Structures are given as structure tokens and as C-alpha cells.
Amino acid sequence: MDLPLRALLLIVIALGQPTVQLMFRHEFAESRHYDAPLTRSARYRYETRTFDVRVDHFSFAVQDTFKLRYLVNDTWRTTDNAPIFFYTGNEGRIETFAENTGFLWEIAPQFGALVVFAEHRYYGESLPYGNKSFSDPQHLGYLTSQQALADYVELIAYLKSKPGYKRSPVIAFGGSYGGMLSAWMRMKYPHVVQGAIAASAPILQFTGIVECEAFARITTSDFRASNSACPQLIRKSWSTITEVTSNDEGKKWLSDTWKLCDPLKTAEHVNVLKDFLQEIYINLAMVNYPYGTDFLAPLPGNPINMFCQHLKNPSLTGRPLLSALYEAINVYTNYTGTASCTSTKNAQPSLDTGDLWDYQACTEMVMPMCFDGVNDMFEPAQWSFKDYNSSCFQRYSVSSQPNLVCHQYGCANLIYSNVTNINFSNGLLDPWTSGGVLRNLSSSAIAIIIPDAAHHLDLRESNSNDPYSVIVARKFHRYSIRKWIKEYQSVL
């Protein structure tokens, strides 16, 4: 049996509850089991291929096509109709996600599965119009989740047209936006995908569904858990930055002290710096993993703890506070010690989505967020759809559609729909849990709460520092996948 008996019984009992809560008493710690990972070279070996897909799947008038990239490994496929493990690529080069989804690679040999990582259109090298893809709204307008899902459906049909794959069950995997796509694949195309592992998938983070401040409160709680003074000092730093940079001398001092690549000259430059800091704090909460990673940027294990080591003295004010804050943010911006200056242009250098995710956020992925500076550590900012839409129109000449996702896939009404065979896993350290599915939608659309996990930690490779709740979540994923495959085979 794939799951230890006691853990399996806990999960089976929990299935009758609103949520599968992977919370275990201390006595269970002695029975920890770690899956032996494959060597890195074997785990991440793949061929890069392309497949021609339509630019517009929903128009008979637009005949343009482009080459969609995907990565494939058939090392472990030994029989006909082997399972296809299909990662629904998200906002970035597909190689980044392939090399940060070790769980899929680790279990592929157990299932004799074909491994496929599909790149999302407009990201990486899957550009419908080459370098012209971003030149105007007419070219960029085909960047939508609906078109991306249709790409994946076509690619799966192509894979299953090959000899020996006609009756292969397909299991979708995805984390974050990729997790949203894997869940929507199962919801929208259940005849194509037999089941989905949707990790840290905020499919409810939309207008009127989730409080706009929920995300900020979870982020703040992560920093507070490390050191109660840490979020207090961050909250205090916003007005301190404004005060210090109110004159040219102060702007020069902060530019020099923080070794900014682009010195502060105007109030707008200061606003850009503040936005950059906000991104750093959010990213630290997302990737607060118990071991070192380079997913968004090179970081140590438990990076928030190292960050907050520099912000322990609650009496810090003025320039000493900003000097201490610089040492703290250096954990994120220059952990390797190789950067000669602090660049505020990109808070996710390893992902590097450019403006493309910003464009999606302006069109269909409208996720309201606000900050009150009281219950969270951020500079107060209200949510105004009018202002947001106006800003998007100025940048991209498009109007936001805040209700499009919920109309297309369902949000609050999902509990009344026939959603099956999806594992929705959410770590309580992850700010995106605010928009995650936290209650079971059916007997087989299960919400898995992982107390000690940040952003889709359960999809990452096994590590000796993994919390037990993550280990058991992975075991439940394997149990579910095996069940879905058997169901598919029994119908055949």
C-alpha cells in the first residue's frame, strides 16, 4: 500500500469533513519516511519538441499557427497506454517549472509514466508572432488561459494519436497559475484529463469572492511568526522612506546606502522602490521553504528567518532603520554576494515574465488586493477597480474583465457543480492560500491543508527538511493518482 496505514486512515476519516487537514500529533514524527530521490541528471532529462497549434482556437477566420514548445521524457514508459503526466505550464520558461517540480519526476518511474511539460503560449519561446507578439493588442490579445487550455487539449490529442498511447490516462499537474490551469483542465475538459494535482492554485482570488486584504494578512503573519518586531519595523519603514527621500540629499543617501543601480531622482522613482520592496516581501513569503532554492531568486532555507534577523530591535527609527532594512533585503537581492548593486527592475530574476503576466492581470486575471497598514505590514492602499482599469488601459489599450474567470470556470458556485478528481493542496504559509480551495467540492475534489508549507512545496523534490505534513500530502497525491488511473482503466 502506498500510504502508511495510520496516515491513510486519518485521510479516509477526514474525507467526510470539509477539508483534509494534514495535521498530526507529535507521536507520528517517529514514523517519518522520505522517498529516495533520483539523481538530478536522471530526474530532469528531457527532449525539447514543438507542436503546431492555432493562434485562435475559437475562430474560423484566423488561420495563423505557431510552434508550442514542450519537454518530454519517455524513459519510464514500458507498456502501451502508459499514463501521461502532463504539467500545464505557467508564466515563464517551461524549463524553470520542469526543474522545480521534482515530485512529478520522482513518481513517474513508479507509474511507468510519460512525462510532458507544456510551455504556456507567449512565455519562454512559444511566441505566436515571434518578436512581434508583444507589439500591439491585436497580436497580444491571444494571451488568455482559455487559449492556453485549448493548446494543451490539442497537444494531448496529438500525444495520444501516437502508437501505444490511444488509451493512456492523462493526469494534469500544476503549481500556482499552473495549478489553476490543471484544475480548470479537469473541470472544463474531463474527457481529456482523468485527474489533476492543483497545488497552491488560487482559483477563487477574484472580485467579490475573497477579501482584498486577505493575501496581505497571510504574508504579514509569516513575518510575525519569525519575529514580532519584524513586521512592525517594515510597517514603520514606509513613512520613513517617504520622509528620508523628501529632499535630494535624502534620495542620494538612500541610493548610496542601498547601492541602488538606478539612483533615486524623483518621487516616481521612490514609488518604484516601494513597489519593489512589496514584491520582495510577498516573494519571501511564497518561497519560505525549509531549504535553499533558486526558484524566484537564490535564497537560503527559511529565508524569512534570515531576513528578520536584521529587524529585531523595535526601537529602530529613521536612517538606522533603513540601514537595517537594507541588510534584510540583501538576503533576497544578493544572497550569493555577487551583485555589485541593487536593481529594482525585476523581483523575480529566475522567472522573468517581463510584462506578460502584468498583461494577463490586466485582462482576465484581475485579483483585487488592498492593504490597510494596521492588520498588515504594508503601506495602506485601497482597491479601486476604476483606477486599476484606467492604468491597464494606459499601458496596454485593453479593458479589464474582472468577472471573466468566474464566468468561464466557476468560483463561488463550484460547490454546486460536478467537480471531481482534483487534489487542491494549500500551504498555510503561502499568501495565495487566501484564494485557494479550502473545502472539499465533492468526494473526490479534495482540499488538502498543509500547515507547514509555502507555495506549492508539495510539488517540489523530496528533501530531508520537508515537514511531515508535506510528505503525507505527497503520499495522498500518489494514492489519488493511482485511484484515478484504475478508474479510467476499469471503464476501458
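This is a predicted model: local features need pLDDT of at least 70, side-chain atom pairs count only at pLDDT 80 or more; totals for chains, interfaces and linings use all residues.

Student: What makes strand 3 and strand 5 a pair?

Tutor: Pairing takes at least two bridges, and strand 3 and strand 5 have four bridges, so they count as a pair. Within that pairing, L71 sits opposite F117 in strand 5.

Student: How do you know that strand 2 and strand 3 pair too?

Tutor: By the same test: at least two bridges are needed, and eight bridges link them in the antiparallel sense, so they pair. There, T50 faces R69 in strand 3.

Student: Why is strand 3 called largely enclosed?

Tutor: Because seven of the nine residues in strand 3 (residues 65-73) are buried. Buried means under 20% relative accessible area.

Student: Why is R45 called exposed?

Tutor: The cut-off is over 50%, and R45 has a relative accessible area of 52%, so it is exposed. R45 lies in the loop between helix 2 (40-43) and strand 2 (47-54). Leaving aside neighbours within four places in sequence, R45 touches N73 and W105.

Student: And what makes L127 partly exposed?

Tutor: L127 has a relative accessible area of 22%. That falls between the 20% and 50% limits, so L127 is partly exposed. L127 is in the loop between strand 5 (114-118) and helix 5 (137-140). Beyond four places in sequence, its contacts are F66, Y122, S133 and F134.

Note on methods: Residues are numbered from 1 along each chain as its sequence is written. Side-chain values use heavy atoms; hydrogens and water are left out. Helices (H or I, at least four residues) and strands (E, at least two) are DSSP runs, numbered from the N terminus. Buried means under 20% relative accessible area, exposed over 50%, partly exposed in between (1.4 Å probe, protein chains only). Contact means heavy atoms within 4.5 Å.
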